[in-house]
There are 2 protein chains.
Amino acid sequence: MLTIAIAQTAPKLLDVEANFEQVVNLTGRIAADIYLFPELCLSGYAFSSPEEVHGWALHQDNPYSGRLMRLTEEREIALCGGYAEATADGAIYNSAFFIGNGKLLANYRKTHLFYRERQFFTPGNSGFSVVQYLGARFGMMICYDWIYPEAARSLALLGAQVILHPANLVLPYCQRAMFARSVENRVFIATANRVGRETNALSDDLLFTGGSQVVAPDGEYLLTFDDSESAVRSIQIDPSAADNKVLNSFNSLLEDRRPELYVGGVQSP
Amino acid sequence: MLTIAIAQTAPKLLDVEANFEQVVNLTGRIAADIYLFPELCLSGYAFSSPEEVHGWALHQDNPYSGRLMRLTEEREIALCGGYAEATADGAIYNSAFFIGNGKLLANYRKTHLFYRERQFFTPGNSGFSVVQYLGARFGMMICYDWIYPEAARSLALLGAQVILHPANLVLPYCQRAMFARSVENRVFIATANRVGRETNALSDDLLFTGGSQVVAPDGEYLLTFDDSESAVRSIQIDPSAADNKVLNSFNSLLEDRRPELYVGGVQSP
């Protein structure tokens, strides 16, 4: 059994120090094995220019991640959340870290960028991957990746039992649609969405929709937040429940796929 | 604009003549351009042996389809529904016909067979395709195909505006999950599910879950049936609404796919 804590927060735009302290403080509020935070939980979301993003982006090797690594080692916990990632070659990705055992276990770069993110970030090049932690297998996707069934499917085919899904959702569709994502892959999906409102110099006025949740492989909503609360709550799950893809004596969900008949797997027609 | 009628019926097991008469009668009950019937609407579902299926399967060119073709010509309507299809080489498929303009516009063979269908039918080899009718583009999938996002995705990538989905659902998941299928592809999905109970010599006791529905590209449930009524109802839709895949000034749903990063498109890893 594994305890996952979901932190539904309202990060302060461009105040990495305050947001970082909030992340650290929230891990002390409740006991859990893994703490999941929203997308871009260290910087906020509504940037006004690429230059601004560059100013607030972090290299993988930065003082905050160093402190988070030490925290995971001392407390024997893991942390997953989003950040603006700067690379040595000058690219900025909308990324998520999965930190545990005192190190970066995995780094995921958002595959499908939404709206103005396309002005500010480079489309992710990491692809989807699965990492072992505490005997379970985890994959990550970020926010708008949800609408592409190929994202969760890729993770399920790679063996993910639990999909960690940091989000900054402004539309209300995802939370409802994750029912389908869970039952079509028989995996757990944990979404940490943010709340609050952000405006910027580009006249964007974004109201985030909260509704963070954990959905089980059978589609049961195990944990749900409302659309405006700032809170951290946890739930115990058995990741091995996601290994049972057998629906009846004739059907095994993923083995029954027939990729030779599918369109669009590798290239659009 | 196009009027689709959904017939939620309880076919009689192994009584093709009665089921055929019901199909014909229902098309006279209400005015529509297209009438959608459940999976295996001519034979019923709960077969007891492959021999029994062979006994009731129909070749594409059979007296019933001939009469349906004439009906579509006289009334200027189209009909879609499921039947057990026998082929010259002795195979039996769980198929769906789309008949209009006095001819078979398309024939689809179910890709993903559920439960005991695997004993009775050959896995479909038609793959997914889209056909034009009345200026709109239609694709078909059958029942359990719903759980594979690759099915509806294939049809959307081939240009389908409306997915016709004959079903014999015994579980309650599909009706709820079609919200995701519609918004992730921005297509209309019309599901005609059956009601009633069937038992057979194999001790199967199947209660069908009704809940036929039409879901719009934005996820709105335009038409819903309850879980037990036998009824035919219609709705007007504008198929061209499915052509708008633009979410905002930066995102176009299908163009933003990144197949080069997806796992499992052609073969499982």
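At 64% relative accessibility, A:Glu76 counts as exposed. In this predicted model, A:Glu76 occupies the loop that links helix H3 (63-75) to strand S3 (78-86) of chain A. The backbone of A:Glu76 has a phi near 55°, a positive value in a residue other than glycine. Most residues other than glycine have a negative phi. A positive phi, of about 50°, is also found at B:Tyr115, which is not a glycine. This tyrosine belongs to the loop between strand S5 (103-109) and helix H4 (117-120) of chain B. B:Tyr115 is classed as partly exposed because its relative accessible area is 21%, and the cut-off for a buried residue is under 20%.

Contacts between them involve 53 residues of chain B and 53 residues of chain A. Together the chains bury about 4,800 Å², of which 60% lies on carbon and sulfur atoms. On the side of chain B, the residues that lose the most area to chain A are B:Phe179, B:Phe250 and B:Tyr262, which together account for 13% of what that side buries.

The axes of helix H5 (residues 149-157) of chain A and helix H5 (residues 149-157) of chain B come within 11 Å and cross at roughly 145°. The crossing of H5(A) and H5(B) is left-handed. A:Pro149, A:Glu150 and A:Arg153 are the residues that H5(A) brings to this contact, and they meet B:Pro149, B:Glu150 and B:Arg153 of H5(B). By class, the contact of H5(A) with H5(B) comprises two nonpolar and four charged residues, with no polar ones.

Within chain B, H5(B) also packs against H6(B), with axes that come within 10 Å and cross at roughly 35°. The crossing of H5(B) and H6(B) is right-handed. Here B:Pro149, B:Ala152, B:Arg153 and B:Ala156 of H5(B) meet B:Arg181, B:Glu184 and B:Asn185 of H6(B). Three nonpolar, one polar and three charged residues make up the contact of H5(B) with H6(B).

H5(A) is mostly covered, with nine of its nine residues buried. Among these buried residues are the charged side chains A:Glu150 and A:Arg153, together with A:Ser154, A:Leu155 and A:Leu157. Elements of both chains contribute to the cover over the buried residues of H5(A). From chain A, the cover includes strand S6 (130-133), strand S7 (136-140), strand S8 (162-166) and helix H6 (173-185); from chain B, it includes H5 and helix H6 (173-185). After H5(A) comes A:Gly159, which has a positive phi near 105°.

The largest nonpolar core contains 149 residues. Within this core, A:Phe98, A:Phe138, A:Met141, B:Phe98 and B:Phe138 have the most contacts. Neighbours within four places in sequence aside, the contacts of A:Met141 include A:Ala151, A:Ala152 and A:Leu155, which are buried residues of H5(A). A second, separate core has 22 residues, A:Leu26, A:Leu71, A:Ile77 and A:Val232 among them.

A:Gly127 is situated in the loop between helix H4 (117-120) and S6 of chain A. With a relative accessibility of 7%, A:Gly127 counts as buried. The C-alpha atoms of A:Gly127 and A:Met141 are separated by 9.6 Å, and the two residues are 14 residues apart along the chain. Not counting residues up to four places away in sequence, A:Gly127 touches A:Tyr108 in its own chain and B:Leu261 in the other.

Strand S14 (residues 231-237) of chain A contains A:Ser234. A:Ser234 counts as partly exposed because its relative accessibility is 28%. Although A:Ser234 and A:Ile30 are 204 residues apart in sequence, their C-alpha atoms are 7.7 Å apart in space. Residues up to four places away in sequence excluded, A:Ser234 touches A:Thr3, A:Ile4 and A:Ala5, as well as A:Ile30, A:Ala31 and A:Leu223.

Key:
Residues are numbered from 1 along each chain as its sequence is written. Chains are lettered from A and ligands numbered from 1 in the order in which they are written. This is a predicted model: local features need pLDDT of at least 70, side-chain atom pairs count only at pLDDT 80 or more; totals for chains, interfaces and linings use all residues. Side-chain values use heavy atoms; hydrogens and water are left out. Axes are lines fitted to C-alpha atoms, for helices over the stretch in contact, and angles run from 0 to 180 degrees between N-to-C directions. Helices (H or I, at least four residues) and strands (E, at least two) are DSSP runs, numbered from the N terminus. A crossing is left-handed if the near helix is turned anticlockwise from the far one by less than a right angle, and right-handed if clockwise. Contact means heavy atoms within 4.5 Å. A nonpolar core is a set of buried Ala, Val, Leu, Ile, Met, Phe, Trp, Tyr and Cys residues joined through side-chain atoms within 4.5 Å. Buried means under 20% relative accessible area, exposed over 50%, partly exposed in between (1.4 Å probe, protein chains only). Buried area is the accessible area (1.4 Å probe) that two parts lose on being put together, summed over both.
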